[in-house]
Amino acid sequence: MTKSLNDARILDLIEAYGADPAAFPEAERAGAARRLAEAPAVFATALADARRLDSALRLLPEVTVPPALRASLLASAPTPKKAVRSGAGLKRFLPAWLPAGALASLAVGVLVGVNVAAPVSVASVTPAVDEADSVMYAALGFGDYDLMSETTE
Amino acid sequence: MLGDRTEAEDVTQETFIRAWKALPTWEPRAKFSTWLHRVALNLCYDILRKRRESLPGELPEMTDPELTPPERLDQSERVQAIEAAIAALPERQAAALTLCALQGHSQAEAAEIMETSEEALESLLARARRSLRTTLAERSAA
């Protein structure tokens, strides 16, 4: 779904989300990008201001989950027991079902306490978070995620 | 949001401990990652409130008149200046900025984590970015 946009709305989007239309809400992204390409002079000052801040935010280093923290999270998982929400194929146990990569992706996301993440695109973060969600749902018995294909620690 | 890696790791640990405890009875009313972020965010808010209570009004880095202008700071100092500016934002503005601009969550996801509307989230983001621009410009001019 797309929305029609006027120039004032595009200025609001730049003010809130920065200079990159990829960060705009999906429904307004294409229309805004089109208008920005049509009339760059109208938005030049706002874009320049936004780019300066975007560049500053990009200086922030990427968050990584320390191996010791990941190990600690895995160690803190509850005593293995069977998921009970559905019957078929649910032979999953904690913590053996927990792929380390998915846990790490969730832990990175949860490390909101440190605001030192390099700005990232929605597209780059979504698959990792979706995978982590799938793992959790499978562990809870809500999905058919094939845990056996994942490497566990 | 906290600007302190040790505290952030403590929050992460506590978040997962709560998750493990909640797993047996957890119901999928929201995405698991959304719920997990919400728990982490609330823990961050708690820490920030405790900090404010123990250090009333203390934000020394934001008011340091001796700070070198960002153009003349090395990268490490510039990063510290940006982190300090983010840490000085009101907590919900900092959360919105962290979730959207730094972690790449969509507006819908960030709004759900923060239990607010997308319109309110946008307003928080705009105010956060305006404050940061002003703060960093003041540092440049100092």
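pLDDT is the predictor's confidence in each residue, on a scale from 0 to 100. I start there, since this is a predicted model.

**Entry 1: confidence**

I looked up chain B. Its pLDDT averages 81. I also noted that 85% of the residues score at least 70. Where in chain B is confidence lowest, and where highest? The lowest is helix α3 (residues 60-63), with a mean of 40. The highest is α5(B), at 93. I then checked the stretch covering residues 56-68 of chain B, where the pLDDT is below 50. Beyond near neighbours in sequence, that stretch has 10 contacts in the model. For the complex, I wrote down the predictor's ipTM of 0.73 and pTM of 0.70.

**Entry 2: chain A**

I counted the elements of chain A. I found six helices and zero strands. Read along the sequence, the pattern is α-α-α-α-α-α. Chain A has 153 residues, and 34% of them are buried. Next I took the contacts in chain A between residues at least 6 apart in sequence. Of these, 71% join residues at least 24 apart.

**Entry 3: helix α2 of chain B**

I moved to α2(B), which covers residues 32-54. This helix has 23 residues. From first C-alpha to last, α2(B) reaches 33 Å, close to the 33 Å expected at 1.5 Å a residue. Which residues of α2(B) are buried? Among them are B:Phe32, B:Trp35, B:Leu36, B:Val39, B:Leu43 and B:Leu48. I remembered a general point: an α-helix has 3.6 residues a turn, so residues three or four places apart point the same way.

B:Ser33 lies in this helix too. Is B:Ser33 buried or exposed? I found 23 C-beta neighbours inside 10 Å. The cut-off is 20 or more, so B:Ser33 counts as buried. I also looked up B:Ser33 against B:Arg130. They are 97 residues apart in sequence. In space they are 29 Å apart, C-alpha to C-alpha.

**Entry 4: α5 against α7 in chain B**

Two packed helices are described by the angle between their axes and the distance between the axes. I looked up both for α5(B), residues 91-102, and α7(B), residues 118-141. The angle is about 95°, and the axes are 8 Å apart. Angles of 65 to 115 degrees count as roughly perpendicular, so that is how α5(B) and α7(B) stand to each other. From α5(B), the contact includes B:Arg92, B:Ala96 and B:Leu97. From α7(B), it includes B:Leu121, B:Leu125 and B:Ser131. What kinds of residue make this contact? I noted eight nonpolar, two polar and two charged.

Conventions
Residues are numbered from 1 along each chain as its sequence is written. Chains are lettered from A and ligands numbered from 1 in the order in which they are written. This is a predicted model: local features need pLDDT of at least 70, side-chain atom pairs count only at pLDDT 80 or more; totals for chains, interfaces and linings use all residues. Helices (H or I, at least four residues) and strands (E, at least two) are DSSP runs, numbered from the N terminus. A residue is buried if 20 or more other C-beta atoms lie within 10 Å of its own, exposed if 12 or fewer, and partly exposed in between; C-beta atoms are placed from the backbone. Two residues are in contact if their C-beta atoms, placed from the backbone, lie within 7 Å. Axes are lines fitted to C-alpha atoms, for helices over the stretch in contact, and angles run from 0 to 180 degrees between N-to-C directions. Angles under 35 degrees count as roughly parallel, over 145 as roughly antiparallel, 65 to 115 as roughly perpendicular and the rest as oblique. Ala, Val, Leu, Ile, Met, Phe, Trp, Tyr, Cys and Pro count as nonpolar, Asp, Glu, Lys and Arg as charged, and the others, Gly among them, as polar. The expected span of a helix is 1.5 Å times one less than its number of residues.
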